[in-house]
Amino acid sequence: MKVHEIMTRDLTSVEADVTIRELIFILDNARMPNIPVVNDANQLIGIISEKDLIRAALPGYFDMLHSASFIPDLNQMAKRLAAIVDDPAEKHMQRSVLHVLADDDVLQAADLIIRKDISNIPVVNGEGQLVGRVKRIDLLKPYI
Amino acid sequence: MIITVTLSPAIDKVYWVDHLKIGEITQDSFLTRATRSLTSAGGKGINVSILLARLHVESVAMGFVAGHTGHVVVRDLRDEGITTNFVWTHGETRTNVTILERGREHIPIKVNESSNRVTPVEIDRFFRRFRRIVPNAKWVVLGGVLPPGAPPDVYRQITSIANQHGARVVITAGGRALAESLLACPYLVKPDLRENVSFEGTPVATVNEIIAAGRKIISCGVEMIIMSHEVTGDIVITKDAVWEIQARIQTTQLKNLVGADDALLGGILYKLDRGAPVEDALRFGMATGILSAESEEKICRNIDKIESEMDLISLERLEG
């Protein structure tokens, strides 16, 4: 079975210059944990997730802590978030994006989703243009 | 690739009732129970996408969606195998209700909510997305009313961009949105005359009035115009010819007219996309529209019956 047979056919995506404020609105309303970033030719150039935004809003020393309970309150996070809401998405996106081709075998998508523990993976065509995404549930639906 | 644009999509909710009680005074008598109901994603461009999907043709549905009902629209389209590319906005996608009373299904009662307002930022987001994918498009279908906040010339802007990329534009709309779009020379136009049986102040009731109005539109550079004449008949005007296309069925055979016009347009588009002669496309389109109107579901699923339905369609060349 090929990826294009099971993928979610959705092109929801953003441009690199969309602001973090807009991005949060889209992630929330489209109920997506992450969103592909594309160029003017609709080619995949990055991905940005809720996790990326939370991490960007956390204090710089967060990675050195053993637990989030060491952060005294969320004020610091709120202040840092306020400071980045007008940043362009490209400033915080991941530029190295795991993806599969529409004609790849489903096993390829399943392997990446399971081994990398990701909720979904973008699907592109031969020109690198976004054509959909494979969600974890898409791997299961064909068999019920 | 075919792109359909529905700037004001909807949830279409259809109720069938045995008898619609209006003006009664006790609860027992004023409560009308639906014998059954159907819910589906709706809006003119979306209906065309659904028809194309059932004919196994891929399309990308674009427009604005919002809130819970927006998710219902998107889910419905994905279940049909349609690619979605909607801009998410504030608010809630509208719901349009149709009530069909037994024996009077050909005279539906319709209540359409107002469209959700869109902002200039959201319009800009739409155009950026449209520009990204239109280079791959062969056809662009624009359908329905404009949402509050959309510029009145938005269909003209979309048509101009599509034309620049060599895509043919099909528009089914009414009022100023349609009039503005004609300035950009779409390929095919089907005026929506449901609420106003006139075009640019000219009445369009008789065949001669329809042909006169159609010629006016053709003179703007449009290749083909389809004008509703009767429930089961249309007048089609091109630069070279005028046809009257008619389905030989009783209106009482029609079970659900919602979306039938869009199925007709989708059927014509399906054939034109395959290079079929205009006459074949028109007969196929009318058969698709009639088959949809004869089925309880908005857009017919029994597409294998379209060819046999074509036996009921007559096509008369009036001029040319």
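These questions and answers walk through a predicted model.

Student: How many helices and strands are in chain A?
Tutor: Start from the order of elements. From the N terminus on, chain A runs α-β-α-β-β-α-α-β-α-β-β-α. Sorted by type, that gives 6 helices and 6 strands.

Student: Which strands of chain A form an open sheet of 3 strands, and in what order?
Tutor: Strand E1 (14-15) and strand E3 (44-49) of chain A each pair on one side only. The pairing in this sheet is mixed. The order is E1-E2-E3.

Student: Why are the buried residues of H2(A) on the same side?
Tutor: The buried residues are Ile20(A), Leu23(A) and Leu27(A). An α-helix has 3.6 residues a turn, so residues three or four places apart point the same way. The buried residues of H2(A) pack against E1, E2, E3, helix H3 (50-57) and helix H4 (75-84) of chain A. They lie on the same side of H2(A) because they cover an arc of only 55°.

Student: Which strands stand at the edges of the open sheet of 4 strands in chain B?
Tutor: Read the order: E3-E2-E6-E7, with mixed pairing. The twist averages 15° from one strand to the next. An edge strand has a single partner strand, so one side is left without a neighbour in the sheet. The edges are E3 (34-42) and E7 (109-112) of chain B.

Student: In E7(B), which residue is the bridge partner of Asn96(B)?
Tutor: Strand E6 (residues 94-101) of chain B is joined to E7(B) by 4 bridges. The two strands run antiparallel. The partner of Asn96(B) is Asn112(B).

Student: What angle does helix H3 of chain B make with E3(B)?
Tutor: H3 (residues 67-79) packs on the sheet. H3(B) touches E2 (10-17), E3 and E6 of chain B. Its direction makes an angle with that of E3(B) of about 80°.

Student: How many residues are in the largest nonpolar core?
Tutor: Nonpolar side chains tend to be buried together in soluble globular proteins. Among the residues with the most contacts inside this core are Val134(A) and Val140(B). Val140(B) touches residues including Ile3(B), Val5(B) and Ile158(B). The core has 123 residues.

Student: Is Arg301(B) buried or exposed?
Tutor: Arg301(B) is in the loop between helix H9 (278-294) and helix H10 (306-309) of chain B. Arg54(B) is 247 residues away in sequence, yet the C-alpha atoms are 6.6 Å apart. Arg301(B) has 12, so it counts as exposed.

Student: How many residues does chain B give to the contact with chain A?
Tutor: Take chain A's side. Chain A gives 11 residues. From chain B the contact takes 11 residues.

Methods:
Residues numbered from 1 in each chain as written. Chains lettered and ligands numbered in written order. Predicted model: local features only at pLDDT ≥ 70, side-chain atom pairs only at ≥ 80, totals over all residues. Contact = placed C-beta atoms within 7 Å. Core = buried A, V, L, I, M, F, W, Y, C linked by C-beta atoms within 7 Å. Buried ≥ 20, exposed ≤ 12 C-beta atoms within 10 Å, placed from the backbone. Pairing = 2+ DSSP bridges. Axes fitted to C-alpha atoms, helices over the stretch in contact; angles between N-to-C directions. Arc of directions from axis to C-beta.
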